[in-house]
Amino acid sequence: MARFNEGWRIQIKVIRALTSRELMTRFGRQNIGFLWIMVEPLMFASLVGLVWSFLKAPTNHGMSVFAFVATGYIPLTFLRHSFGQSAKIFVANSSLLYHRQVKVFDFIIVRVLIESVGAMMAYIFAGIVLAFFGLFPFPADIGVLVLGWAIYVFFIFSLCTILAPISEMSEVVEKLVPVSVYIALPFSGVFNMAAWLPPNVRDALMWSPLVSGMELMRFGAFGTVVTPYYDIPKALGVSLVCLLIGLILSRRVRRTMTIT
Amino acid sequence: MIECRNLHMDYRNGHVTKNVLKGIDFVINPCDRIGLLGRNGAGKSTLIRLIGGVEMPTAGKVIRRMTCSWPLGFTGGFQGSLTGYDNARFIARIYDRPYAEIREYVEQFTELGSNLKMPVKIYSSGMRARLAFALSLAIEFDCYLIDEVIMVGDRNFQNKSKAEFFEKRTDRALLLASHSLEMVNQYCNRAIVLDDGRATVYEDVAEAVEVYKAL
């Protein structure tokens, strides 16, 4: 037990050190630094929001199109970045594996952590700006909003633990990682609420933790304007199964990794 | 004590498998100075990487009952895009040592001055070796794994490393892969000759050197 606790303590130190190293290499010390991580999701969401607001009515199903797009696209950018960052993540960081206490799993935790914090900051920022123009309501239930985020982040983390090792196993799979983002789109609940869909499609989508997470986030933000559909036990179950597969694959890949 | 038990290591590339190590057994006791001899490609670096836990053996295991450095060699251990100072901070953190102390030791041992503010990827191998040695000495391990690298240093660095490893830290164990026979002769109390994937341990260093010369 003492050894287990000591192991945890070391892993937390490693994760903290890796996080600050990652922030330094990616954003440098100059200009706005870490805030860069918010820029892309915000630009993306605002441009898509602008296009949508010309194509559709400014409000749709009782929500502002801008708010709807922002709540969908910011988590989606997080998904895209996390998947992209997971490809070849072990080899990219392999020089750090010279230190025995650094585990391949730490790399995935750190990347997903940074991306998720950045996305949440962008989410809050977008919410405040839109609220200033009266386009975003004060969140109806912050607890539900956070729960939705947590489910979304946990599922993406468990998917990344699968994507990272298989991207090392074969070149073909590595190239498939960006494609997998597009495959994920219809199952991500970005463009629509489950309530707008026929019941049989909706039931099938409940197998996607992304949909449950997104529905909860939107319910937490917009309240009773939307009718959410979600299945928390299913979402957690699917995520845990993915995480288990990911752990096994990561371990196998690490055992046969050649480190230069 | 560090024990290698029946270590096997295969490297696979497509259909070709190379058995680099075919069953290695030996023990590193505290205070042991072991010279690791063998021709190029005999598996010296591989063995050191396995002992350091950087790569995992195909079969067999390494049992570590004392703290052990990462393999101090030409590559590995640093993030090239970060500066010497940032790497030092990172390593201080993951080995749970106060950065201020480590930093001071690194400045004094490496004598790299303002180079420490430059990214490690532009360092020469000698500069890298200085940084790696300084960090591992500041952290204080029971056992140091040294892969060739003392030889890349200039005279000043070689003297410094010799003083630190062979005069000050006589209570530590050392596994030293080297082609410098005089160094092995002068400083090691045991030697291992690696040939054809197998290791032979010699208690008499001079005998090991003769065997190595005959390879």
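# Reading a two-chain model

Me: Why does Ala131(A) count as partly exposed?

Reply: Ala131(A) has 14 C-beta neighbours inside 10 Å. Buried takes 20 or more, and exposed takes 12 or fewer. The value of 14 falls in between, so Ala131(A) is partly exposed. This is a predicted model.

Me: Where is the place of Ala131(A)?

Reply: Ala131(A) belongs to helix α5 (residues 104–132) of chain A. From Leu35(A), Ala131(A) is 96 residues away in sequence. In space the two are 21 Å apart, C-alpha to C-alpha.

Me: What are the scores of the model?

Reply: The ipTM is 0.90 and the pTM is 0.89. Chain B has a mean pLDDT of 91, with 100% of its residues at 70 or more. Chain A averages 87, and 97% of its residues score at least 70.

Me: Where in chain A is confidence lowest, and where is it highest?

Reply: Confidence is lowest in strand β1 (residues 59–60) of chain A, with a mean of 66. It is highest in helix α10 (residues 232–255) of chain A, at 95. Where pLDDT is low, the predicted coordinates should not be read in detail.

Me: How many residues of chain A are in contact with chain B?

Reply: 20 residues of chain A are in contact with 20 residues of chain B. A contact needs C-beta atoms within 7 Å. Helix α1 (residues 2–27) of chain A gives the most to chain A's side, with 7 residues. By class, that side has 9 nonpolar, 6 polar and 5 charged residues.

Me: What makes chain B as compact as a globular protein of that length?

Reply: The radius of gyration of chain B is 17 Å. The globule rule gives 17 Å for 215 residues. The values are close, so chain B is as compact as a globular protein of that length. Along its principal axes, the C-alpha trace spans about 45 × 40 × 30 Å. Chain B holds 7 helices and 8 strands. Buried residues make up 42% of its 215 residues. Take the contacts in chain B between residues at least 6 apart in sequence: 69% of them join residues at least 24 apart.

Me: Which residues have the most contacts inside the largest nonpolar core?

Reply: They are Leu175(B) and Ala191(B), in a core of 132 residues. Helix α6 (residues 142–169) of chain A supplies the largest share of this core, 15 residues. Beyond its neighbours within four places in sequence, Leu175(B) has contacts that include Ile28(B), Ile48(B), Cys143(B) and Ile146(B).

Me: Why is β5(B) called largely enclosed by the rest of the structure?

Reply: 5 of the 5 residues of β5(B) are buried, so the strand is largely enclosed. Both faces are covered. Cys143(B), Leu145(B) and Asp147(B) are buried on one side, and Tyr144(B) and Ile146(B) on the other. β5(B) pairs with strand β6 (residues 173–177) of chain B in the parallel sense, over 5 bridges. In β6(B), Ala173(B) is the bridge partner of Cys143(B).

Me: In which sense do strands β7 and β8 of chain B pair?

Reply: Strand β7 (residues 190–195) and strand β8 (residues 198–202) of chain B pair in the antiparallel sense, over 5 bridges. Leu194(B) stands opposite Ala199(B) in β8(B). The two strands form a hairpin with 2 residues between them. In its turn, Asp196(B) has a positive phi of about 50 degrees.

Me: Why is Asp195(B) partly exposed?

Reply: Asp195(B) has 15 other C-beta atoms within 10 Å. Asp195(B) is in strand β7 of chain B. Aside from neighbours within four places in sequence, Asp195(B) is in contact with Gly38(B), Ala42(B) and Leu215(B). Asp195(B) and Ala42(B) are 153 residues apart in sequence, yet 5.8 Å apart in space, C-alpha to C-alpha.

Me: What is the phi of Cys31(B), and what is the phi of Glu140(B)?

Reply: Phi of Cys31(B) is near 70 degrees, a positive value in a residue other than glycine. Glu140(B) also has a positive phi, near 70 degrees. Most residues other than glycine have a negative phi. Cys31(B) lies in the loop between β2 (16–28) and β3 (33–38) of chain B. Glu140(B) sits in the loop between α4 (125–139) and β5 (143–147) of chain B.

Me: Why do Cys31(B) and Glu140(B) count as partly exposed?

Reply: Cys31(B) has 14 C-beta neighbours inside 10 Å. Glu140(B) has 13.

Notes
Residues numbered from 1 in each chain as written. Chains lettered and ligands numbered in written order. Predicted model: local features only at pLDDT ≥ 70, side-chain atom pairs only at ≥ 80, totals over all residues. Contact = placed C-beta atoms within 7 Å. Helix = DSSP H or I, 4+ residues; strand = E, 2+ residues; numbered from the N terminus. Nonpolar A, V, L, I, M, F, W, Y, C, P; charged D, E, K, R; others polar. Core = buried A, V, L, I, M, F, W, Y, C linked by C-beta atoms within 7 Å. pLDDT = per-residue confidence, 0-100. Rg over C-alpha atoms; globule rule 2.2 N^0.38 Å. Pairing = 2+ DSSP bridges.
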